[in-house]
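Me: I would like to learn how to read metal sites and strand pairing from a set of coordinates. Could we work through one case together?

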Amino acid sequence: MLKHLFIRINGIVQGVGFRPFIYRLALENNIKGYVLNDTEGVTIEAEAEEENLEKFVKGIKEEFPPLAIIQEIKIEERPLQGYTRFFIEKSRKTDKKRAFIPPDTNLCKDCLKELFDPDDRRYHYPFIVCTHCGPRFSIVKDIPYDRHNTSMAPFPMCPECQKEYEDPLDRRFHTQPTACPVCGPHLFLYKNDKTLISEDTDEIVQKTYEFLKAGHIVAIKGVGGFHLACDATNDESVLRLRERKRRPFKPFALMTGSIEKIEKFLYVSPKERELLLSKERPIVILKEKKKLVSRYVAPHLTHIGIMLPYTPFQYLLFSLDKDLILVMTSGNLSDEPICFKDEEAFERLKDIADYFVTYNREIVAHSDDSVMFVLKETPFFVRRSKGFVPAPILTKKKTSLHLFASGADLKNSFAIAKDNVIILSQYLGDLESIITQKVYKEAVYHFLKIFDVHPEVFISDMHPNYFTTYLADELAGGKKRLKVQHHHAHIASVMAEYEIDEPVIGLAFDGTGFGTDRKIWGSEFLIADRKEFKRAAHFSYFMLPGGEKAIKEVWRIGLSLLYQAGLPLDYLPLKKKYPVDVICQMLKKKLNCPEACSIGRIFDGVSAILGIAEVISTEAEAAQKLEEEALKTQKFHKIEIPFEEKGEEIIISTEKLIKKIIELKDKGLPASEIALSFHEALIEVSFKVVLRLKEKYGIKKVVLSGGAFQNRLLLKGLWEAVEKAGFEVFLPKKVPLNDGGIALGQIVIGQTIVCGRE
Ligand code: ZN
Ligand code: ZN
Ligand code: FE
């Protein structure tokens, strides 16, 4: 029997090849009617025999284009209209405000085939792209998302490209960035003094390969910015890159041509493999199996981050040598943002790179590669950026207000929200330097423009001295302004992801967060909902002599922990000379010694006490080294850390923890065993506190979040213990565990406060 269906699809369905997909599917299933784009998404009217309609709807749900995100499909049966064919209806005046911009993704299979097909007109063309792949977010300047509003504007299409662009059955139908060697951008190879070496793709690929093999460092313009590349198997090159980048410890990411090559020297689980091969192409942190690359790639670490090629140029480069492994690190100087403008790159990277591969199309929005790791076959973000941004997080509830959340000052990502959509920005890094602050501001204005968001509510952290706090003040003008406690935001970000409304036991373990008592928190057990929280437990406070300085000079924290526990200070094994006496005076007089209770700082201090770290060059370095030390052994000694209930709060004794560690040290045990015992002790006491909180509050949902959980031992141990005890455990999967997820938490708390719970 003939039937008529009226189908509405909401989500990211515009500019992703949805209409041609529907058109083909309709022809295949003998459907009559039409498809059209409108303000809210895509509308389809479909008439056919019932069974054909069923197949058609199934096809929509299962085979939709790779860049589309379907949020909702509504289907209604309506009276027959008597259509005689299927057609693509001209768009009704679309509301540009609803259109989304897809993330930048890996080259698709079809484009890859054409790239290496000598008979194809895009053979070896490094800007090959289609509706299903390639750059998007990085090239969009304004809405509506049309070619003239992208950095492809200076490249008018040639007749052949135009023909494909207008053909609904072509893979490049309405592909805004489509191009070919006749009409599109092209590559340039320069020496670092800007002398032009070549403009010919094949020659550039060949020469780049030769330069890299000869040990040179090459800056290569990618999708979201420049990479700095060098031969990962060449000690000298890697070391030179470290020196020039002023980055002694932080591991470099790698790139190689195939998954098979990765499996030769790193362990790859099924989930890790899936991530490596995904269209988002993140860096995945994997355990090393065999030494194939220089030990300077990730000094002191057993895990290495690696990714597979995703731009045509990268595919061309790796096609020359299947054994090639490159360091591919963000093109910047230590903590500065990634370079993405040519002029700026030549200026800032000229002393790092020997050669530059660039092209004559502008990168509008920058992004670093995303970074992920897998634990218990569950993927976690360390950095959510290229490939994922600006894909929205869609919520069930709609809010009438537009919101802006400025995030936190470390590993920053901000967020905007309207309707049922929350969009997180790319990774913006640490907002200490003026240059990062400038890039952050530009990114905020860019997001507000391209997503047409006009915030009425401005949310930030409670930290009085954060740049993000000032910025929210500045942007808010006289509008509604909210401040959210850092660890509450960590927990709320996870509640947002799983749309949890009722109170949870939230464990936020991290480095630094400003507390409501103006002290530094970071070992928080909160009873929290999406609006409020109660601080239920935490480790006892200790002093950070010199404040910020102690975070870099972790030996100060070691000293402070010993002092606090009433232990002799010469337990601190220092390899270099430091002003120990001065710090002791500061501790005694409590001079410039802010109080902290954060897990991150406890890791720093214990690391110092065990002689593993003294002064660090990058955040969490001491903690990472301590974890690596613990991973060297399976043997640990039980440490019981007592806690006591002081009024409503449970206080876990940091002093007792340190005393027990010194007892183990006195027994002459190796650092690895003490390090593992320390991890196990943290897990055990945290688990016990969770049990006590369940008794007290009757809550069985547990949320774990915060940067300290990037420690695999800690995360795995606590997760398993709590799950085994029958709790429901929730972990951030859509946003990073670290401060990169804070803005999402700020948004939902803001929404709940301003718009109410329902
Ligand atoms: Zn493609
Ligand atoms: Zn063309
Ligand atoms: Fe944090």
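This is a predicted model: local features need pLDDT of at least 70, side-chain atom pairs count only at pLDDT 80 or more; totals for chains, interfaces and linings use all residues.

Me: Into which domains is the chain divided?

Reply: There are domain 1 (2-88), domain 2 (187-381), domain 3 (391-498 + 740-755) and domain 4 (510-530 + 535-734). The centres of domain 1 and domain 4, taken over C-alpha atoms, are separated by 55 Å.

Me: Which residues coordinate the zinc ion (ligand 1)?

Reply: Cys108, Cys111, Cys130 and Cys133 do, each through SG, at 2.3 Å. Their spacing in sequence is C-x2-C-x18-C-x2-C. Cys108, in the loop between β5 (86-88) and α3 (109-115), and Cys133, in the loop between α3 and α4 (159-166), are 25 residues apart, and the pair links distant parts of the chain.

Me: How do I judge the geometry of such a site?

Reply: Start from the ideal: four tetrahedral donors have angles of 109.5 degrees at the metal. The angles among the four donor atoms of the zinc ion (ligand 1) run from 101 to 119 degrees, and the site is tetrahedral.

Me: Are Cys108 and Cys133 buried or exposed?

Reply: A residue counts as buried under 20% relative accessible area. Cys108 has 13%, so it is buried. Cys133 is buried as well, with 0% relative accessibility.

Me: What are the protein donors of the zinc ion (ligand 2)?

Reply: They are the SG atoms of Cys158, Cys161, Cys180 and Cys183, 2.2 to 2.3 Å from the ion. This site is tetrahedral, with angles of 103 to 119 degrees among its four donor atoms. The donor residues of ligand 2 follow the spacing C-x2-C-x18-C-x2-C. Because Cys158 sits in the loop between α3 and α4 and Cys183 in the loop between α4 and β6, the pair ties together parts that are 25 residues apart in sequence. Cys158 and Cys183 are both buried.

Me: Why is strand β6 largely enclosed by the rest of the structure?

Reply: Count its buried residues: four of the five in β6 (residues 187-191) are buried, so the strand is largely enclosed.

Me: With which strands does β6 pair, and in what sense?

Reply: Read the bridges one partner at a time. With β14 (residues 355-359), β6 pairs in the antiparallel sense over five bridges; there, Phe188 has Thr358 as its bridge partner. With β7 (residues 196-198), β6 pairs over two bridges, also in the antiparallel sense, and Leu189 stands opposite Ser198.

Me: How many residues lie between the strands in the hairpin of β6 and β7?

Reply: Four residues lie between them, and Lys194 in this hairpin takes a positive phi near 75 degrees.

Technical notes
Residues are numbered from 1 along each chain as its sequence is written. Chains are lettered from A and ligands numbered from 1 in the order in which they are written. Side-chain values use heavy atoms; hydrogens and water are left out. Domain bounds come from an automatic or database domain assignment. Donors are N, O and S atoms within 2.8 Å of the metal (3.2 Å for Na, K and Ca); water is not among the atoms, so sites may look incomplete. Four donors count as tetrahedral if all angles lie between 85 and 135 degrees; four count as square planar and six as octahedral if opposite donors are over 155 degrees apart and all others between 65 and 115; anything else is irregular. Buried means under 20% relative accessible area, exposed over 50%, partly exposed in between (1.4 Å probe, protein chains only). Two strands pair if DSSP finds at least two bridges between them.
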